[in-house]
Amino acid sequence: MTRIVAVSGVLPVHRYRQEEITEALAALCLPPDADRAVLERLHAGAGVATRHLALPLERYAGIDGFGQANDAFIAAALELGERAARTVLTESGLAAEEIELVVSTSVTGIAAPSLEARLAGPLGLRQDVRRLPVFGLGCAAGAAGLARLHDYLAGRPGHAALLLSTELCSLTLQRSDASTANLVASALFGDGAGALLAVGPEHPHFHDSPGPRVVATRSRLYPGTGHLLGWDIGDRGFRIVLGGALPELAGLHVAEEVEAFLAEHDLKPDEVAAWICHPGGPKVLDALGEALGLPESALTPSRRSLARVGNLSSASVLHILRDVQADGPPPPGSAGLVLALGPGFSSELVLLRW
């Protein structure tokens, strides 16, 4: 098994109420004579109260093209990523030199050298640290990254590994795009980063930490759904693809997947004490909760995170797991489930045990 010894979530300093963002984006996304009713309705119904942005709100109007947006991504992602990584190193008591593997995830910008390579020197990582930068898993990458750490540590039980997730969704906003997908994205997504440090069962910190153990993982692609979620990449960068059938698929196929996965470990949904569910949006959470027969309280951590910071793509599950730990983890022996959805259309499940 793998032990999670520390998890962090960090945010940019620029924090805004949803109403402030709505007002600014009306000028950026809509034609001058457009009816703002759809934008306002989507923003009001997103379940988001506040969000943190990589840049001051007034600077977004001045971003001209993908190059400038990506330059801003690299600068802000390095600052946030370093903060997130230093936090888990401090909380775990491990030195940076003890990290054998870094998995780095993002789907909101491109960097080569990758972010973890640029951070290796400032963080004090070893020159022979193994690195795995991941792009394209979208919101599922936080759960998938944890699963890949688990796979690695199963073969190297004495090692320590770091997951770093850095997502600056605001920098993918498409100006002058009044499509429903762009307006929905403008209502939901925020900026933030998270990090998680895990060790294998033969590492000295395995038995010293109160963090949960990873018991099992599952990845799943749903055939015929690849057109529903992802990016169309053009001259102006990342244009979101967001199909309206996603909540229905989550309530049907993903719920079935969750039930089958839990059954393999002699569990039912009502026996899971902690749901670390990616907050894809209110409709997705509603569909999952209804299909799985969950009480409203089960998804409270996800809804609370959505309200406070928005959908942080792959970093959301790390923020939610940190919150669950900070609020008082479940009793020893309790089960938890990390659940996230991403392009493909795909799901990632990670079973935890405290």
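A salt bridge is taken here as a side-chain nitrogen of Lys or Arg within 4 Å of a carboxyl oxygen of Asp or Glu. The structure is a predicted model, in which local features need pLDDT of at least 70 and side-chain atom pairs count only at pLDDT 80 or more, while totals for chains, interfaces and linings use all residues. Residues are numbered from 1 along each chain as its sequence is written, and side-chain values use heavy atoms, with hydrogens and water left out.

By the above criterion, the count of salt bridges comes to 18. Accessibility was classed by relative accessible area (buried, under 20%; exposed, over 50%; partly exposed, in between; 1.4 Å probe, protein chains only). Arg-126 is partly exposed at 23%, whereas Asp-128 is exposed at 52%. Both residues belong to a network of salt bridges that also links Glu-100 and Arg-130.

A salt bridge is also formed by Glu-264 and Arg-218, whose closest N and O atoms are 2.3 Å apart. Glu-264 lies in the loop between α7 and β11 and Arg-218 in strand β8, so the pair ties together parts that are 46 residues apart in sequence. Glu-264 is exposed, with a relative accessible area of 53%, while Arg-218 is buried at 14%. In a further pair, Glu-20 and Arg-17, the closest N and O atoms are 3.7 Å apart; Glu-20 is partly exposed at 29%, as is Arg-17 at 45%.

Helices (H or I, at least four residues) and strands (E, at least two) are DSSP runs, numbered from the N terminus, and two strands pair if DSSP finds at least two bridges between them. Nine strands form an open sheet of mixed pairing, in the order β5-β4-β6-β7-β1-β8-β13-β12-β11. Its edge strands, β5 (130–134) and β11 (272–277), each pair on one side only. The twist averages 20° from one strand to the next, with axes fitted as lines to C-alpha atoms, for helices over the stretch in contact (heavy atoms within 4.5 Å), and angles running from 0 to 180 degrees between N-to-C directions. Within the sheet, β4 (residues 99–105) and β6 (residues 160–168) run parallel and are joined by six bridges; Ile-99 stands opposite Ala-160 in β6. Helix α7 (residues 246–263) lies across β8 (213–221), β11, β12 (335–342) and β13 (346–353), at about 35° to β13.
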